[in-house]
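Please look over the structure first.

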Amino acid sequence: MNGYYKNIFALIILLSSVNSFASSLAEDAKNRGINETCYAYLIQIEESNGLNGLNLTFAHPDSPSILPSLHISSQKYNNGTSSFSASLIPDGEYCYLSTVQVSSIKNQSCINITQIKVESDQNLIVSDFGDGDFTILSPSDNSYQIILTSSGDNSCTITEIRMMWPGK
């Protein structure tokens, strides 16, 4: 049992040594010394997603410019919440990235959200699963996936995932 507490304590120390808080994801990443190409992508991601909530960055304490980093932003709205995560993987002059954004919306059903998204992009492929509890929206190029999960009669959780390999 004593070893269990030592492991938990070591994990807490490790996590607190590799994360930090800043006013923006990109600012924090730059301060931590991540790869310049990944930093440039993170600026674009942050601007295009309008991220301005509570931000966290996890980067290797000794080699942040050559090892992967994790960047998280959480926001609260009057009708729900949103959490965004980006993993950046440097590879020389390239940077591979994956993003996940999860939004919980109150006062709007998944059926309604699906209709809105299909009206704005009529090329989306809609797939329903679990008697309508889950809906997957996919563009024809499969550049991202959106999973809508019904969380009540008038609420929905939206998960959008992307993986990018810029330059390769």
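## One face of H4

A residue counts as buried when its relative accessible area is under 20%, and as exposed when it is over 50%. The model is predicted. In helix H4 (110-120), the buried residues are Cys110, Ile113 and Thr114. Viewed down the axis of H4, these buried residues fall within an arc of 100 degrees, so they line one face of the helix.

What do the buried residues of H4 pack against? Their partners are E5, strand E6 (125-129), E7, E8 and strand E9 (155-164). Ile111 and Glu119 sit on the other side of H4, and they are exposed.

## Two disulfides

The model has two disulfides. In general, a disulfide is a covalent bond between the sulfur atoms of two cysteines. With the bonded cysteines numbered in sequence order, the pairing reads 1-2, 3-4.

Cys38 pairs with Cys95, and their sulfur atoms are 2.0 Å apart. The torsion about this S-S bond is about 105 degrees, so the disulfide is right-handed. Distant parts of the chain are linked here: Cys38 lies in helix H3, Cys95 in strand E5, 57 residues apart. Cys38 has 2% relative accessibility and therefore counts as buried. Cys95 is buried too, at 0%.

Cys110 and Cys156 make a disulfide with sulfur atoms 2.0 Å apart. The angle about the S-S bond is 100 degrees, and the link is right-handed. This pair also joins distant parts of the chain, with Cys110 in helix H4 and Cys156 in strand E9, 46 residues apart. Both cysteines, Cys110 and Cys156, are buried.

## Nonpolar cores

In soluble globular proteins, nonpolar side chains tend to be buried together. Here the largest nonpolar core has 15 residues. Which residues have the most contacts inside it? They are Leu25, Ile34, Cys38, Leu42, Phe84 and Leu88. Helix H2 (25-32), helix H3 (36-49), strand E4 (80-91) and E5 each supply at least two residues. H3 gives the largest share, four residues.

Back in the largest core, Phe84 is one of the residues with the most contacts. Leaving out residues up to four places away in sequence, Phe84 touches Leu25, Ile45, Asn49, Leu51, His71, Ile72, Ser73, Thr99, Val100 and Gln101.

## Leu70 in strand E3

Is Leu70 buried or partly exposed? Leu70 has a relative accessible area of 29%, so it is partly exposed. Its place is in strand E3 (residues 69-77). Beyond its neighbours within four places in sequence, Leu70 contacts Leu56, Thr57, Phe58, Ser85, Ala86 and Ser87. Leu25 is 45 residues from Leu70 in sequence, and the C-alpha to C-alpha distance is 9.9 Å.

## Positive phi in two asparagines

Most residues other than glycine have a negative phi. Asn107 has a positive phi of about 70 degrees, although it is not a glycine. Asn107 is in the loop between strand E5 (94-106) and helix H4 (110-120). With 64% relative accessibility, Asn107 counts as exposed.

Asn142 also has a positive phi, near 55 degrees. Its loop runs between strand E7 (134-138) and strand E8 (144-150). Asn142 counts as exposed because its relative accessibility is 52%.

How values were computed: Residues numbered from 1 in each chain as written. Predicted model: local features only at pLDDT ≥ 70, side-chain atom pairs only at ≥ 80, totals over all residues. Heavy atoms only, no water. Buried < 20%, exposed > 50% of the residue type's maximum accessible area, 1.4 Å probe, protein only. Contact = heavy atoms within 4.5 Å. Arc of directions from axis to C-beta. Core = buried A, V, L, I, M, F, W, Y, C linked by side-chain atoms within 4.5 Å. Disulfide = S-S within 2.5 Å.
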